[in-house]
Amino acid sequence: MSLKELQESYGTAGQSQVFTFYDSLDESSQKLLLSQLATIDPARVSRIAETVLSQAPESDPSEIAPLPESATASVLTAPPSQIEKWEKIGISLIAQNSVAVVLLAGGQGTRLGSSAPKGCFDIGLPSHKSLFELQAERIVSLQNLVQNRTGKTKVIIPWYIMTSGPTRAPTETFFKEHSYFGLDPSNVKFFEQGVLPCIDNSGKILLESKDKVAVAPDGNGGIYRALVQEDVLLDFAKRGIKHVHAYCVDNCLVRMADPVFLGFAESRGVLVATKSVPKRHPKENVGLIVAKDGHPAVIEYSEISEEMAHRTAVDSESGKTELAFRAANIVNHYYSVEYLNTIPTWSENYLPYHIARKKIPCVDLETGESISPSKPNGIKMEQFIFDCFPQLDSAQFANLEVRREDEFSPLKNKAGTVGEDDADTSRADLLKQGKRWVVAAGATASDDVVGVEVPPLVSYAGESLEFVKGKAFNKVTIVEA
């Protein structure tokens, strides 16, 4: 677009302030600003800003209830024969090369004390494998496992990695430097989530500098728009992908394309499924998977009352008394591609935008001086990945409860600051899992051994460890096949 066309479009949208310093810029800075402005739809930004700023904070009258039993199951109480059945179905789907994995990897390790993409982070295992390496090797391991069990000569689980602007280049470089961790590069696809300009409290786009608009990623809900705009859905169609597993990069225990989860979702015939873990206690501050006005939803802990937080119910399978609201959301989802193909009909108008008031470095439009605010001065607008759930009926959605110690250990904080969800707890959880696996396979491990590292290439989820039977583990060890 020409300068005149851009000025007209921004002026019509009430965002002409982005040109405040244009005439004072040198030619290269002018080109830089114009190239960025050409990628933004100012009318869309103003429309979203008007919507989010006009939302009145009021009490939510929605009826909140636990998910109906018909939409839930648990590996904690399901008989082994049922879990084996789900796994067999999932392995069959993978063997058909109809399963893909989508990774949400747009975050940087800033809170961990690193400027690199979070997936590059080393949690301190004896092997010093990064999160990306652990996850890549689980895909390799699962491909091999399915080939061995089904006799298929070539099983492919393509991996689609959603980055953000700041993490795209370093993520791709990291994979190239490590030869894609044993995966075929043609089956590892990088794509980028969108960004939205940051706005002030009146809805005006902020300038980060005189020649640059302040922008921020559009939230993990931006995955839906990105799957369309980055042609990922087209690639699914070319490859014959029918089932997708999506998850966040910061979970060192995640089981990508978990056959049990895939088989569970397929056997239920649902469009979308989630994994959850049981809340540790009534007061745990976690998002919860619930039924809201009869539809699946994820709510914040603050949205349920004290009575609801402590409410109990008898589990129909185990007969045990459990928390009624216990399904903690871990951002671990299954999607049928049939459902994902409907994204263009709802991603823009159905998903709400949420606001986060932040301290956003910007330029004073009157003085041209850079501002480093000491308190929130602007707004970032984002969508959440789970906000599409309420458009589904309960029959189209299911939740599988899994063991936290086996499948969920998030990396959120810098070690030594909070004392939970950090590199120390992630490392400990993975090593403890390895210790449980080798002991279950017939090995012994002394009580003072904190754990054992079982590399993903040795075992995807505790299988194929017969060779450790009779071995004694007296120190932290890396198991080698």
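Let me begin with the largest pocket, whose lining, sorted by class, has 22 nonpolar, 14 polar and 13 charged residues. Before I go further, please keep in mind that what we are looking at is a predicted model, and that the values I quote are computed from it.

How many residues line this largest pocket, and which of them lie nearest its centre? The lining is made of 49 residues, and those nearest the centre are R111, K118, N220, D250 and K412. The space in this pocket comes to about 1,900 Å³. If you want to find the pocket by way of the strands, look for β9 (215-217), β16 (327-336), β17 (354-358) and β20 (378-382), each of which supplies at least two residues of the lining. Of the elements that contribute, β16 gives the most, with 4 residues.

While we are on strand β16, I would like to stop at V331, which is found in that strand. Its phi is near 50 degrees, which is a positive value in a residue other than glycine. Is V331 buried or exposed? Its relative accessible area is 16%, and because buried means under 20%, V331 counts as buried.

A second residue with a positive phi is D293, where the angle is about 55 degrees although D293 is not a glycine. You will find D293 in the loop between β12 (288-292) and β13 (295-299), and with a relative accessibility of 46% it counts as partly exposed.

Let me turn now to the helices, and in particular to helix α4 (residues 80-95) and helix α5 (residues 131-150), which pack at an angle of about 100 degrees with their axes 10 Å apart. Angles of 65 to 115 degrees count as roughly perpendicular, and therefore α4 and α5 are described as roughly perpendicular to each other. On the α4 side the contact is made by E87, I91, I94 and A95, while on the α5 side it is made by L142, L145, V146, R149 and T150. Divided by class, the residues of this contact are 6 nonpolar, 1 polar and 2 charged.

Helix α4 also holds S92, which is partly exposed at 34% relative accessibility. How far apart are S92 and F121 in sequence and in space? They are separated by 29 residues in sequence and, going from C-alpha to C-alpha, by 33 Å in space.

The largest cavity contains about 70 Å³ of space, and its lining consists of R138, L430, Q433, G434, W437, V454, P455, P456, S459 and Y460. Which helix provides the largest share of that lining? Helix α14 (residues 423-440) does so, with 4 residues. By class, the lining of this cavity divides into 6 nonpolar, 3 polar and 1 charged.

D406 lies in helix α13 (residues 404-407), and with a relative accessible area of 16% it is buried.

Technical notes. Residues numbered from 1 in each chain as written. Predicted model: local features only at pLDDT ≥ 70, side-chain atom pairs only at ≥ 80, totals over all residues. Heavy atoms only, no water. 1 Å grid on protein atoms, 1.4 Å probe; cavity = no way out; pocket = protein on both sides within 12 Å on 5 of 7 lines; lining within 4 Å. Points joined across faces, edges and corners; volume = space filled by probe spheres on them. Nonpolar A, V, L, I, M, F, W, Y, C, P; charged D, E, K, R; others polar. Axes fitted to C-alpha atoms, helices over the stretch in contact; angles between N-to-C directions. Parallel < 35°, antiparallel > 145°, perpendicular 65-115°, else oblique. Contact = heavy atoms within 4.5 Å. Buried < 20%, exposed > 50% of the residue type's maximum accessible area, 1.4 Å probe, protein only.
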